[in-house]
Amino acid sequence: MFRIGDFSKIARVSARLLRFYDEIGLFTPAHADPQTGYRYYTVGQLAQLNRILVLKDLGFNLDQVRDILSSNVSAAELRNMLLLRRNDVELTLAAESHRLRHIETRIAQLESDGAEPARRILSLRRTVPSFGAARGLIVELSNHARQFLPKRHSHTLIVIAHSPQFEQDELDVEFGYAFEDEPKSNVPAGAVVKLRELEAVERMAVCVRVGLPEDAHLVTAKIGRFLEASGDRLAGPSREVFLQAPVLDRMHEAVVEMQFPVRSHAPE
(Lines give C-alpha, C1' and ligand atoms only; values in the text may rest on other atoms or scores of the structure.)
Protein backbone atom coordinates (compact mmCIF):
# COMPACT_ATOMS: atom_id res chain seq x y z
CA MET A 1 0.00 0.00 0.00
CA PHE A 2 1.01 3.61 -0.55
CA ARG A 3 0.74 6.59 1.76
CA ILE A 4 -1.18 9.49 0.31
CA GLY A 5 1.94 11.42 -0.78
CA ASP A 6 3.35 8.51 -2.78
CA PHE A 7 -0.07 7.62 -4.20
CA SER A 8 -0.56 11.22 -5.36
CA LYS A 9 2.73 11.01 -7.28
CA ILE A 10 1.73 7.75 -8.94
CA ALA A 11 -1.82 8.88 -9.76
CA ARG A 12 -0.69 12.43 -10.67
CA VAL A 13 -3.56 13.78 -8.60
CA SER A 14 -3.24 16.41 -5.88
CA ALA A 15 -3.01 15.04 -2.35
CA ARG A 16 -5.37 17.85 -1.29
CA LEU A 17 -7.94 16.53 -3.76
CA LEU A 18 -7.53 12.98 -2.44
CA ARG A 19 -8.14 14.21 1.11
CA PHE A 20 -11.20 16.13 -0.03
CA TYR A 21 -12.65 13.12 -1.82
CA ASP A 22 -12.09 11.07 1.32
CA GLU A 23 -13.80 13.68 3.48
CA ILE A 24 -16.94 13.65 1.32
CA GLY A 25 -16.90 9.87 0.96
CA LEU A 26 -16.40 9.87 -2.80
CA PHE A 27 -13.03 8.11 -2.89
CA THR A 28 -11.78 6.61 0.34
CA PRO A 29 -8.40 5.00 1.07
CA ALA A 30 -8.09 1.24 1.20
CA HIS A 31 -6.95 1.58 4.81
CA ALA A 32 -6.72 4.36 7.38
CA ASP A 33 -4.55 3.80 10.44
CA PRO A 34 -6.78 4.54 13.46
CA GLN A 35 -3.78 5.61 15.56
CA THR A 36 -1.81 7.79 13.16
CA GLY A 37 -4.60 8.80 10.79
CA TYR A 38 -2.39 7.93 7.80
CA ARG A 39 -4.28 7.09 4.63
CA TYR A 40 -3.12 4.10 2.55
CA TYR A 41 -4.07 3.41 -1.07
CA THR A 42 -3.49 0.56 -3.52
CA VAL A 43 -2.74 0.52 -7.24
CA GLY A 44 -6.05 -1.29 -7.72
CA GLN A 45 -7.82 1.94 -6.73
CA LEU A 46 -6.43 3.83 -9.74
CA ALA A 47 -9.27 2.59 -11.97
CA GLN A 48 -11.93 3.96 -9.59
CA LEU A 49 -10.10 7.27 -9.22
CA ASN A 50 -9.76 7.50 -12.97
CA ARG A 51 -13.51 7.03 -13.42
CA ILE A 52 -14.10 9.97 -11.09
CA LEU A 53 -11.67 12.13 -13.06
CA VAL A 54 -13.24 11.08 -16.36
CA LEU A 55 -16.71 12.01 -15.17
CA LYS A 56 -15.44 15.37 -13.93
CA ASP A 57 -13.90 15.99 -17.35
CA LEU A 58 -17.29 15.23 -18.87
CA GLY A 59 -18.79 18.07 -16.83
CA PHE A 60 -20.65 16.17 -14.10
CA ASN A 61 -20.73 17.65 -10.59
CA LEU A 62 -19.64 15.56 -7.62
CA ASP A 63 -23.16 14.54 -6.64
CA GLN A 64 -23.79 13.32 -10.18
CA VAL A 65 -20.45 11.52 -10.18
CA ARG A 66 -21.44 9.72 -6.98
CA ASP A 67 -24.78 8.65 -8.51
CA ILE A 68 -23.14 7.39 -11.70
CA LEU A 69 -20.53 5.41 -9.80
CA SER A 70 -23.21 3.77 -7.67
CA SER A 71 -24.92 2.61 -10.88
CA ASN A 72 -21.74 0.69 -11.85
CA VAL A 73 -21.15 2.30 -15.25
CA SER A 74 -18.75 0.09 -17.21
CA ALA A 75 -15.43 1.18 -18.73
CA ALA A 76 -16.95 0.64 -22.20
CA GLU A 77 -19.80 3.03 -21.41
CA LEU A 78 -17.36 5.61 -20.07
CA ARG A 79 -15.27 5.21 -23.21
CA ASN A 80 -18.32 5.94 -25.39
CA MET A 81 -19.15 8.98 -23.28
CA LEU A 82 -15.56 10.21 -23.59
CA LEU A 83 -15.52 9.71 -27.34
CA LEU A 84 -18.71 11.74 -27.67
CA ARG A 85 -17.21 14.40 -25.46
CA ARG A 86 -14.05 14.37 -27.59
CA ASN A 87 -16.08 15.15 -30.69
CA ASP A 88 -17.60 18.13 -28.88
CA VAL A 89 -14.25 19.38 -27.63
CA GLU A 90 -12.74 19.17 -31.12
CA LEU A 91 -15.26 21.78 -32.27
CA THR A 92 -14.45 24.25 -29.49
CA LEU A 93 -11.83 27.00 -29.35
CA ALA A 94 -8.10 26.22 -29.43
CA ALA A 95 -7.93 26.95 -25.71
CA GLU A 96 -9.70 23.63 -25.13
CA SER A 97 -7.00 21.56 -26.85
CA HIS A 98 -5.13 20.81 -23.64
CA ARG A 99 -8.30 19.54 -22.00
CA LEU A 100 -8.90 17.25 -24.97
CA ARG A 101 -5.48 15.64 -24.61
CA HIS A 102 -6.17 15.13 -20.91
CA ILE A 103 -9.45 13.36 -21.70
CA GLU A 104 -7.85 11.12 -24.33
CA THR A 105 -5.10 9.99 -22.00
CA ARG A 106 -7.71 9.10 -19.39
CA ILE A 107 -9.39 6.85 -22.01
CA ALA A 108 -6.18 4.84 -22.30
CA GLN A 109 -5.84 4.72 -18.50
CA LEU A 110 -9.28 3.11 -18.23
CA GLU A 111 -8.08 0.16 -20.33
CA SER A 112 -5.19 -0.31 -19.64
CA ASP A 113 15.74 -1.37 -11.52
CA GLY A 114 18.86 0.26 -11.81
CA ALA A 115 21.44 2.47 -10.05
CA GLU A 116 22.07 6.12 -10.87
CA PRO A 117 25.58 7.51 -10.24
CA ALA A 118 26.29 10.90 -8.76
CA ARG A 119 26.33 13.67 -11.36
CA ARG A 120 27.54 17.26 -11.40
CA ILE A 121 24.73 19.66 -12.30
CA LEU A 122 24.32 23.37 -12.86
CA SER A 123 20.80 24.09 -11.72
CA LEU A 124 18.14 26.46 -10.47
CA ARG A 125 15.22 25.65 -8.20
CA ARG A 126 11.82 27.33 -8.02
CA THR A 127 8.29 26.72 -6.75
CA VAL A 128 5.92 27.35 -9.67
CA PRO A 129 2.11 27.26 -10.09
CA SER A 130 1.86 25.09 -13.21
CA PHE A 131 3.66 22.80 -15.64
CA GLY A 132 3.65 25.64 -18.16
CA ALA A 133 5.50 27.90 -15.72
CA ALA A 134 7.94 25.06 -15.02
CA ARG A 135 8.76 24.78 -18.72
CA GLY A 136 9.64 28.46 -18.67
CA LEU A 137 12.47 27.60 -16.29
CA ILE A 138 14.24 25.83 -19.17
CA VAL A 139 14.75 29.21 -20.85
CA GLU A 140 15.89 30.85 -17.61
CA LEU A 141 18.31 28.01 -16.90
CA SER A 142 19.73 28.12 -20.42
CA ASN A 143 20.26 31.88 -20.30
CA HIS A 144 22.09 31.82 -16.96
CA ALA A 145 24.01 28.56 -17.43
CA ARG A 146 25.40 29.34 -20.90
CA GLN A 147 28.38 31.28 -19.54
CA PHE A 148 29.51 28.37 -17.34
CA LEU A 149 28.84 25.24 -19.39
CA PRO A 150 31.68 23.67 -21.37
CA LYS A 151 31.12 24.37 -25.07
CA ARG A 152 32.55 21.23 -26.61
CA HIS A 153 30.63 18.68 -24.60
CA SER A 154 26.96 17.83 -24.51
CA HIS A 155 24.93 18.32 -21.36
CA THR A 156 21.75 16.58 -20.30
CA LEU A 157 18.70 18.34 -18.91
CA ILE A 158 17.47 16.84 -15.63
CA VAL A 159 14.41 17.86 -13.61
CA ILE A 160 14.14 17.00 -9.91
CA ALA A 161 10.69 17.10 -8.28
CA HIS A 162 11.32 18.05 -4.65
CA SER A 163 7.69 18.23 -3.53
CA PRO A 164 6.93 15.45 -1.00
CA GLN A 165 3.55 14.99 -2.66
CA PHE A 166 2.05 15.92 -6.01
CA GLU A 167 0.42 19.36 -6.08
CA GLN A 168 -0.08 20.60 -9.64
CA ASP A 169 -0.47 24.24 -8.58
CA GLU A 170 2.58 24.26 -6.28
CA LEU A 171 5.47 22.46 -7.98
CA ASP A 172 8.83 22.57 -6.20
CA VAL A 173 11.15 21.76 -9.11
CA GLU A 174 14.84 22.00 -9.89
CA PHE A 175 16.03 22.17 -13.50
CA GLY A 176 19.68 21.40 -14.12
CA TYR A 177 22.22 20.54 -16.79
CA ALA A 178 24.40 17.52 -16.01
CA PHE A 179 27.94 17.56 -17.41
CA GLU A 180 31.27 15.87 -16.75
CA ASP A 181 34.02 18.42 -17.45
CA GLU A 182 34.91 21.45 -15.37
CA PRO A 183 32.76 24.56 -15.99
CA LYS A 184 34.25 27.29 -18.19
CA SER A 185 34.49 29.59 -15.17
CA ASN A 186 33.77 29.50 -11.48
CA VAL A 187 30.13 29.89 -10.50
CA PRO A 188 29.95 32.77 -7.97
CA ALA A 189 27.95 32.39 -4.78
CA GLY A 190 25.40 34.99 -5.84
CA ALA A 191 24.67 33.49 -9.26
CA VAL A 192 21.13 32.50 -10.22
CA VAL A 193 22.35 28.99 -11.00
CA LYS A 194 24.13 26.74 -8.52
CA LEU A 195 26.82 24.14 -9.15
CA ARG A 196 26.24 21.05 -7.04
CA GLU A 197 26.49 17.29 -7.02
CA LEU A 198 23.27 15.40 -7.62
CA GLU A 199 23.60 12.50 -5.24
CA ALA A 200 23.85 8.90 -6.41
CA VAL A 201 20.85 6.61 -6.00
CA GLU A 202 21.37 2.93 -5.32
CA ARG A 203 18.09 1.72 -6.82
CA MET A 204 15.71 3.34 -9.30
CA ALA A 205 12.39 2.34 -10.80
CA VAL A 206 12.59 3.70 -14.34
CA CYS A 207 10.35 4.02 -17.38
CA VAL A 208 10.13 6.31 -20.41
CA ARG A 209 7.34 8.65 -21.46
CA VAL A 210 6.81 10.56 -24.68
CA GLY A 211 4.96 13.84 -24.33
CA LEU A 212 4.03 16.38 -21.71
CA PRO A 213 4.25 15.89 -17.92
CA GLU A 214 0.51 16.62 -17.75
CA ASP A 215 -0.02 13.21 -19.35
CA ALA A 216 2.53 11.29 -17.26
CA HIS A 217 -0.07 9.40 -15.19
CA LEU A 218 -0.09 6.60 -17.77
CA VAL A 219 3.57 5.91 -17.04
CA THR A 220 3.48 6.50 -13.30
CA ALA A 221 0.64 3.98 -12.98
CA LYS A 222 3.06 1.35 -14.30
CA ILE A 223 5.59 2.40 -11.67
CA GLY A 224 2.88 1.99 -9.04
CA ARG A 225 2.09 -1.53 -10.18
CA PHE A 226 5.80 -2.43 -10.08
CA LEU A 227 6.17 -1.08 -6.54
CA GLU A 228 3.09 -2.86 -5.29
CA ALA A 229 4.26 -6.16 -6.78
CA SER A 230 7.83 -5.82 -5.48
CA GLY A 231 6.94 -4.43 -2.06
CA ASP A 232 9.36 -1.53 -2.53
CA ARG A 233 8.70 2.06 -1.45
CA LEU A 234 9.43 5.44 -2.99
CA ALA A 235 12.52 6.97 -1.42
CA GLY A 236 13.05 10.61 -2.21
CA PRO A 237 12.55 13.12 -5.02
CA SER A 238 11.80 11.72 -8.45
CA ARG A 239 13.77 12.79 -11.52
CA GLU A 240 13.09 13.30 -15.20
CA VAL A 241 16.00 12.95 -17.61
CA PHE A 242 15.51 14.31 -21.12
CA LEU A 243 16.92 11.73 -23.52
CA GLN A 244 17.11 14.36 -26.22
CA ALA A 245 17.42 18.13 -25.94
CA PRO A 246 13.93 19.64 -25.48
CA VAL A 247 12.41 21.98 -28.07
CA LEU A 248 10.02 24.34 -26.30
CA ASP A 249 7.42 24.53 -29.06
CA ARG A 250 7.49 20.73 -29.49
CA MET A 251 7.44 19.55 -25.89
CA HIS A 252 4.64 17.13 -26.78
CA GLU A 253 7.35 15.14 -28.59
CA ALA A 254 9.80 15.12 -25.66
CA VAL A 255 11.30 11.73 -24.75
CA VAL A 256 11.89 11.61 -21.01
CA GLU A 257 13.16 8.92 -18.67
CA MET A 258 11.17 9.08 -15.44
CA GLN A 259 13.20 7.91 -12.44
CA PHE A 260 11.83 7.06 -9.01
CA PRO A 261 14.31 6.25 -6.19
CA VAL A 262 13.10 3.16 -4.34
CA ARG A 263 14.04 1.24 -1.21
CA SER A 264 13.08 -2.13 0.15
CA HIS A 265 10.15 -1.97 2.50
CA ALA A 266 10.99 -2.66 6.14
CA PRO A 267 7.95 -3.60 8.26
CA GLU A 268 6.82 -0.68 10.43
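A salt bridge here is a side-chain nitrogen of Lys or Arg within 4 Å of a carboxyl oxygen of Asp or Glu. By that rule, this predicted model has twelve salt bridges. The close-ups below visit some of them, along with a cavity and a few other charged residues.

**View 1. Arg135 meets Glu214.** These two form a salt bridge, and their closest N and O atoms are 3.0 Å apart. The pair links distant parts of the chain, 79 residues apart. Arg135 belongs to helix H7, while Glu214 sits in the loop between strand S9 (201-210) and helix H8 (217-230).

**View 2. Two strands joined by Arg196 and Glu174.** Here the closest N and O atoms of the salt bridge are 2.9 Å apart. Arg196 comes from strand S8 (residues 194-198) and Glu174 from strand S7, so the pair ties together parts that are 22 residues apart in sequence. Which of the two partners is buried? Glu174 is, at 4% relative accessibility; Arg196 has 27% and counts as partly exposed.

View 3. Glu253 and Arg250 form another salt bridge, with 2.6 Å between their closest N and O atoms. Both ends are partly exposed: Glu253 has a relative accessibility of 34%, and Arg250 has a relative accessible area of 44%. Elsewhere, look for Arg16, Glu167 and Asp169, which are linked in a network of salt bridges.

**View 4. Arg239, a buried charge without a salt bridge.** Find Arg239 in strand S11. Why does this buried residue have no salt bridge? The nearest side chain of opposite charge, that of Glu199, is 4.2 Å away, and a salt bridge has to be within 4 Å. Glu199 still comes into the picture, though: the side chain of Arg239 reaches the backbone oxygen of Glu199 at 2.8 Å.

**View 5. The largest cavity.** This one has a volume of about 440 Å³. Its lining is made up of 29 residues, and the closest to the centre are Arg12, Phe131, Ala161, Val173 and Glu240. Which helix and strands each supply at least two residues of that lining? They are helix H7 (131-145) and strands S6 (156-161), S7 (171-178), S11 (238-242) and S12 (255-263). Sorted by class, the lining has 17 nonpolar residues, plus four polar and eight charged ones.

**View 6. A closer look at Arg12.** Back at the cavity, Arg12 is one of the residues closest to the centre.

**View 7. Glu116 and Arg119.** Glu116 has its place in strand S4 (residues 114-116). Buried or exposed? At 13% relative accessibility, Glu116 counts as buried. Its side chain makes a polar contact with the side chain of Arg119, at 3.2 Å.

How values were computed
Residues numbered from 1 in each chain as written. Predicted model: local features only at pLDDT ≥ 70, side-chain atom pairs only at ≥ 80, totals over all residues. Heavy atoms only, no water. 1 Å grid on protein atoms, 1.4 Å probe; cavity = no way out; pocket = protein on both sides within 12 Å on 5 of 7 lines; lining within 4 Å. Points joined across faces, edges and corners; volume = space filled by probe spheres on them. Helix = DSSP H or I, 4+ residues; strand = E, 2+ residues; numbered from the N terminus. Nonpolar A, V, L, I, M, F, W, Y, C, P; charged D, E, K, R; others polar. Buried < 20%, exposed > 50% of the residue type's maximum accessible area, 1.4 Å probe, protein only. Lys, Arg positive; Asp, Glu negative; His and termini not counted. Polar contact = N/O pair within 3.5 Å; in protein donor to acceptor, adjacent residues only side chain to side chain.
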